[in-house]
Amino acid sequence: YKRQEFNPKKNEGKQLMDGPYRYSSPKKARLTDDIIYTRQSFIEYPDIRLSKLGFDSDKLISNANPQQVDYNWGTSELVSWSSLDGLKLSGILIKPENFDPSKKYPMIVNFYEKSSNGLHTHRAPNPGRSSINYSFYTSRGYLIFNPDVYYRVGYPGESAFNCVIPGITSLIEKGFVDKDNIGVQGHSWGGYQVAYLVTKTDIFKAAESGAPVVNMVSAYGGIRWDTGLSRQFQYEHTQSRLGGNPWEYPQRYFENSPIYNIDKINTPLLIMHNDKDGHVPWYQGIEFFMSLRRLSKPSWLLNYNGARHWPLKMQNRKAYKLKKREWTAPTEDMLRDFQMLASKYRHFEIFPLVYSDYSLVLAIDETEQPIGETIIPAEEVELADLRPLGVNASPAEKLAMNNALAENTQISEAVDQSYKVLS
């Protein structure tokens with residue numbers, strides 16, 4: 001990213017500033033040459049800077065995120081590879097700050113269309129409405145790969161496959177990706193592409209598909225509930241890029257619809273689709289889930305009642321973040337965190353993770369508020385002598401545990417099996 005001074009009379013510019021950052025548009029003072037602006041990178045928070053019009057020097061005048069130095073954050077870099085049809089591609093690779101190339105790391109693939117221009121975007125940890133939070137996962141020892149996708153009209157699903165999969169294999173060849181622990185996550189158009197990819201490859205350990213269109217034939221005849229617009233235009237000419245209607249190109253609609261290849265899916269799938277979605281008809285999520293379950297495929301459907309295209313209420317966003325967290329495998333940093341939690345806090349909630357041999361540990365205080373979290377292998381949960389409340393416990397054990405916890409604990413109803421333990 002560069003900032004230049006342009007002389008329209010000479011039709012030439014002068015370089016004023018350059019660097020591996022993303023800059024905001026400067027704001028000039030009304031009566032002086034003072035300007036303020038921000039710059040940011042994955043590591044650097046966009047604090048406010050003061051300078052003059054010439055940008056000869058600047059002064060940092062805010063420090064809004066000092067606590068970041070206490071955390072293992074991450075770094076971002078641009079990586080390149082070639083698609084299966086010969087295009088030179090770029091994407092973003094996010095690494096933990098303490099990255100060691102001699103180790104192997106689990107990786108999450110997250111993409112939409114083209115995102116490499118966001119290389120220097122700062123991503124503060126928060127429970128987002130759709131995508132994963134990059135800094136949250138890199139801090140816990142994950143790689144994140146965000147590949148660019150270039151599309152061929154008529155073949156959006158195949159285009160995604162041709163761009164994303166060779167990008168993943170190019171990183172595996174570098175030696176630091178744990179090829180047995182790669183996940184993928186996408187929402188809306190990204191959710192569609194995730195649904196398509198898992199019908200063509202078993203490279204992913206698990207997948208999350210948010211608000212996907214899986215049947216382009218049935219979706220073509222719907223409307224966008226927020227605006228009342230017909231959905232037909234987006235399949236013929238815009239994002240879905242099929243290039244015509246189903247009567248002109250019936251095979252394109254069939255080949256690009258994951259619903260017709262459900263039998264080829266072997267990847268465990270978490271689907272999120274809300275019943276007030278005004279962008280993508282939520283019956284698409286129902287079609288997807290019901291088809292997967294009909295064929296006994298490992299799958300789960302999340303629906304936040306009354307929520308729209310994304311969960312917007314904070315409690316739903318936090319719950320969604322937790323569900324996505326349950327879908328991921330632990331890293332060495334998480335296992336070390338458990339030792340800290342066990343030595344510092346007395347109360348824990350333990351959630352067995354979906355399709356995994358690990359459990360999520362939430363340390364909670366006397367008011368049931370979470371104050372720390374990590375993941376440990378299931379066998380360590382057993383060694384810690386955790387007692388499942390209400391599950392396989394004798395009446396005497398239930399009474400003893402309930403008495404011990406009665407003053408400050410309520411049994412969680414957030415999951416089917418909640419556990420508590422006193423150290």
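A cavity, in the sense used here, is a set of grid points where a 1.4 Å probe fits but cannot get out. With that in hand, let's walk through this predicted model.

Start on the inside. The structure holds one cavity of 30 Å³ or more, and the volume of the largest cavity comes to about 70 Å³. Who sits around it? Along one stretch of the chain you'll find Asn126, Pro127, Gly128, Ser131, Ile132, Asn133, Phe136 and Tyr137 among the lining residues, and Lys321 and Lys324 also belong to the lining.

Now move to the outside. Ile36, Ile48, Leu50 and Ile61 make up a nonpolar patch on the surface, and together they have about 290 Å² of accessible area. Take Ile36 from that group: strand E5 (residues 34-40) is where it sits. Ile36 counts as partly exposed because its relative accessibility is 37%, which falls between the 20% limit for buried and the 50% limit for exposed.

For another isoleucine, go to the loop between helix H6 (250-255) and strand E14 (269-272), where you'll find Ile265. Is Ile265 buried or exposed? Its relative accessibility is 1%, so Ile265 counts as buried, the cut-off being under 20%. While you're there, look across to Lys297: Ile265 and Lys297 lie 32 residues apart in sequence, yet their C-alpha atoms are 7.4 Å apart in space.

Conventions. Residues numbered from 1 in each chain as written. Predicted model: local features only at pLDDT ≥ 70, side-chain atom pairs only at ≥ 80, totals over all residues. Heavy atoms only, no water. 1 Å grid on protein atoms, 1.4 Å probe; cavity = no way out; pocket = protein on both sides within 12 Å on 5 of 7 lines; lining within 4 Å. Points joined across faces, edges and corners; volume = space filled by probe spheres on them. Patch = residues over 30% accessible without salt bridge, like charges linked within 9 Å, V, L, I, M, F, W, Y side chains within 5 Å. Areas by Shrake-Rupley, 256 points an atom, 1.4 Å probe, with all protein chains shown as cover. Salt bridge = Lys/Arg side-chain N within 4 Å of Asp/Glu carboxyl O. Helix = DSSP H or I, 4+ residues; strand = E, 2+ residues; numbered from the N terminus. Buried < 20%, exposed > 50% of the residue type's maximum accessible area, 1.4 Å probe, protein only.
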